[in-house]
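User: I am new to this structure and would like to learn how to read a helix and its surroundings. Please take me through one case.

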Amino acid sequence: MLMVDDDPDVRRSVARGLRMSGFTVDTAVDGRDALRRVGADAPDAVVLDIQMPGLDGVAVVTALRAMGNEVPICVLSALDTVNDRVAGLEAGADDYLIKPFDITELVARLRALLRRGTVLPRRGAARTIGSVHIDPASRLVFVDGARIDLTKREFELLAALSDNVGVVVTRERLMELVWGYDFSADTNVVDVFISYLRRKLEAGGADRVVQTVRGVGFVLREEPVR
């Protein structure tokens, strides 16, 4: 486990809490230090502060994903930095936690992300829903014949919905299927990733296949609407 924060007090306290919860923890003092440590000794997961001088958390996530590194990343963000938090997720982070937070919640989220990391890649028959073609074996997605590049988490979200075509899947169930949460978490991470997914699937003017059922969850329908 790698804990990255430029604030030494936060870095020490979080690292101590993670160690007391059974994790082996290394620390990094900033973004550049984080990239060096990940390259030297690949961690199982990264806890990463967003706001850091020099190379910030978003830049670190972007760099890791650009290198093809899919290590689970939970970004930390102050309550008033919504845009930074969203930018971190959009860059490829898996989850976020708002400061200040309870170490037990961070531990639960990290364990959930690590459980997801042990799940075998999806296999099964390719399927087409509206203009969207999904191939679970190759993890490829096409819209009207054009390939769409999805992040690992975006693909897993789409695959989970496609396993339940026509069935409304609650946010809680999606958290369990895609993020591995077996507990209630106060987060809008599902909604954020749904928005990313829609943006990519609908970029060329394609019909909306991922639909919202207000107050319940989301559904992938055979007959999309605009």
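Analyst: Start with helix H6, which is mostly covered, with ten of its eleven residues buried. Buried means under 20% relative accessible area, exposed over 50%, and partly exposed in between (1.4 Å probe, protein chains only). Helices (H or I, at least four residues) and strands (E, at least two) are DSSP runs, numbered from the N terminus. This is a predicted model, where local features need pLDDT of at least 70, side-chain atom pairs count only at pLDDT 80 or more, and totals for chains, interfaces and linings use all residues. Residues are numbered from 1 along each chain as its sequence is written, and side-chain values use heavy atoms, leaving out hydrogens and water.

User: Which residues in H6 are buried?

Analyst: They are Arg-153, Glu-154, Phe-155, Glu-156, Leu-157, Leu-158, Ala-159, Ala-160, Leu-161 and Ser-162.

User: How do I read the packing of H6 and H8?

Analyst: Axes are lines fitted to C-alpha atoms, for helices over the stretch in contact, and angles run from 0 to 180 degrees between N-to-C directions. Here the axes of H6 and H8 (residues 189–201) lie 10 Å apart, at an angle of about 90°. H6 is therefore roughly perpendicular to H8 (65 to 115 degrees).

User: Which residues of H6 and H8 meet?

Analyst: Contact means heavy atoms within 4.5 Å. From H6, Arg-153, Glu-154, Leu-157, Leu-158 and Leu-161 meet a set in H8 that includes Val-190, Phe-193 and Leu-197.

User: Where is Val-167, and is Val-167 buried or partly exposed?

Analyst: Val-167 sits in the loop between H6 and strand S10 (169–170). Val-167 counts as partly exposed because its relative accessibility is 44%.

Methods. Angles under 35 degrees count as roughly parallel, over 145 as roughly antiparallel, 65 to 115 as roughly perpendicular and the rest as oblique.
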